[in-house]
Structures are given as C-alpha cells and as structure tokens.
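The sequence and the structure come first.

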Amino acid sequence: LAGNKELTSEIYKAAASYEIFQTGILIHDDIIDDSDLRRGKPTVHKALGGDELAINNAICLGDFGIFLSQKVLSKLDINSDRVIKALKIYNKTLMNTIIGELLDINSPYSKHVSEERVIMIAYYKTAWYTIIGPLLLGAILGGANDKLIENIEKFGEHLGVAFQMKDDILG
C-alpha cells in the first residue's frame, strides 16, 4: 500500500514478528477463556498438561513471544524513524488489545453490558491486533504518509469490528 517494494526481507521479519506477537496474546487469551483447542489443536496450556505448572509456563511463553516480537521489530534494518514509529504502533496495539481483553473479561460481572461496550471490546481487542496493527505496521515500515495511515486505521476499525461480530455469530 505504501508503494515501497525494496524492503521485502525486512518486511518478512516484521510480519513474522507480528505473528509471534499474536501467538503470545492468543496463548494468554486461551488461558483466560480456559480453551481446550486453538485452530483444531490443543492450546498451549492444555498441551503442556493443563495443570497450574502448565498454565504458568504458558503465560511465560506468551510473554516471551510478545517481548521477542518487540526485539525483532527494534532490530529491523529499516530507516530508524520508521522503526520507532512502528514500535509506537506495536505498543499501542498491545495496550489496546489488553484494554479490550479487560473489558471482555469484566463484562460478565457488569450489571449492564451495552451494545456500545460490545463494539468497544471488538474495536480494542480484535480490530487492533487482527487488522489495524498489522496493516499499520507494514504501511509505516513501507513509508506510508500520514493520510494513508489514517485511512488504514479507519478501514481496519470497521473491518475488525465486523470480523468480530461475524465470529461471535458463528461461535
């Protein structure tokens, strides 16, 4: 989207890094949800035995993935201003995902869960880590201008919320 085709090997590193990040947060999400399966296979904490030690190890593995991802991004051989801007988006993505997760896990304890709250959860939790974050990361590293970045964020917001709504319906 940004038009830069010269950074292919570094963009692949960034993409792999983001996949590691997503895996880390999904490990945490599977523990929170006490999920047995992810993509048809046992979740990490279940594969490790499902007991307290397995859960603790899975949490550490998820944390490790998140920080490894950030380390890989910080060492990209790309213009340092772009890398710094990408790391800011990475951190915003991580923080928004945590905000969404907190809203989600606390919803059952709320006296009233509104449509607005459900959309906020989808925006913060899903839209950011699934759509907005990875698209902005690639666009920034590819040299996108501020207008394109703004448009990608808006697009990602709508697509991410729609994705979560469809996933909830299917689930």
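The model is predicted: local features need pLDDT of at least 70, side-chain atom pairs count only at pLDDT 80 or more, and totals for chains, interfaces and linings use all residues. Residues are numbered from 1 along each chain as its sequence is written, and side-chain values use heavy atoms, with hydrogens and water left out.

The protein chain holds 6 helices and 2 strands. Helices (H or I, at least four residues) and strands (E, at least two) are DSSP runs, numbered from the N terminus. Their order along the sequence is α-β-β-α-α-α-α-α. The C-alpha trace of the protein chain spans about 45 × 35 × 25 Å along its principal axes. For 171 residues a compact globule would have a radius of gyration near 16 Å, and the 17 Å of the protein chain agrees with that. This radius is taken over C-alpha atoms, and the globule rule is 2.2 Å times the number of residues to the power 0.38.

Two packed helices are described by the angle between their axes and the distance between the axes. Axes are lines fitted to C-alpha atoms, for helices over the stretch in contact, and angles run from 0 to 180 degrees between N-to-C directions.

| Helix pair | Angle between axes | Axis distance |
|---|---|---|
| α3 and α4 | about 165 degrees | 10 Å |
| α1 and α4 | roughly 15 degrees | within 12 Å |
| α1 and α5 | roughly 165 degrees | within 10 Å |

Helix α3 covers residues 52-74 and helix α4 residues 80-106; they pack at an angle of about 165 degrees. That makes α3 roughly antiparallel to α4; angles under 35 degrees count as roughly parallel, over 145 as roughly antiparallel, 65 to 115 as roughly perpendicular and the rest as oblique. In their contact (heavy atoms within 4.5 Å), α3 contributes Ile66, Ser69, Gln70, Leu73 and Ser74, while α4 contributes Val83, Leu87, Tyr90, Asn91 and Leu94. These residues divide into 6 nonpolar, 4 polar and no charged. Ala, Val, Leu, Ile, Met, Phe, Trp, Tyr, Cys and Pro count as nonpolar, Asp, Glu, Lys and Arg as charged, and the others, Gly among them, as polar.

Helix α1 spans residues 8-33, and its axis crosses that of α4 at roughly 15 degrees, so α1 is roughly parallel to α4. Among the contact residues are Tyr18 and Phe21 of α1 and Thr97 and Glu101 of α4. By class, this contact has 7 nonpolar, 2 polar and 2 charged residues.

With α5, in turn, α1 crosses at roughly 165 degrees, and the two are therefore roughly antiparallel. Their contact includes Ile11, Tyr18 and Phe21 of α1 and Trp128, Pro134 and Leu141 of α5. It divides into 11 nonpolar, 4 polar and 2 charged residues.

Where does helix α5 bend? Helix α5, residues 115-141, bends by about 65 degrees at Trp128; the bend is the angle between axes fitted to the seven residues ending there and the seven starting there. Just after α5, Gly143 has a positive phi of about 90 degrees.
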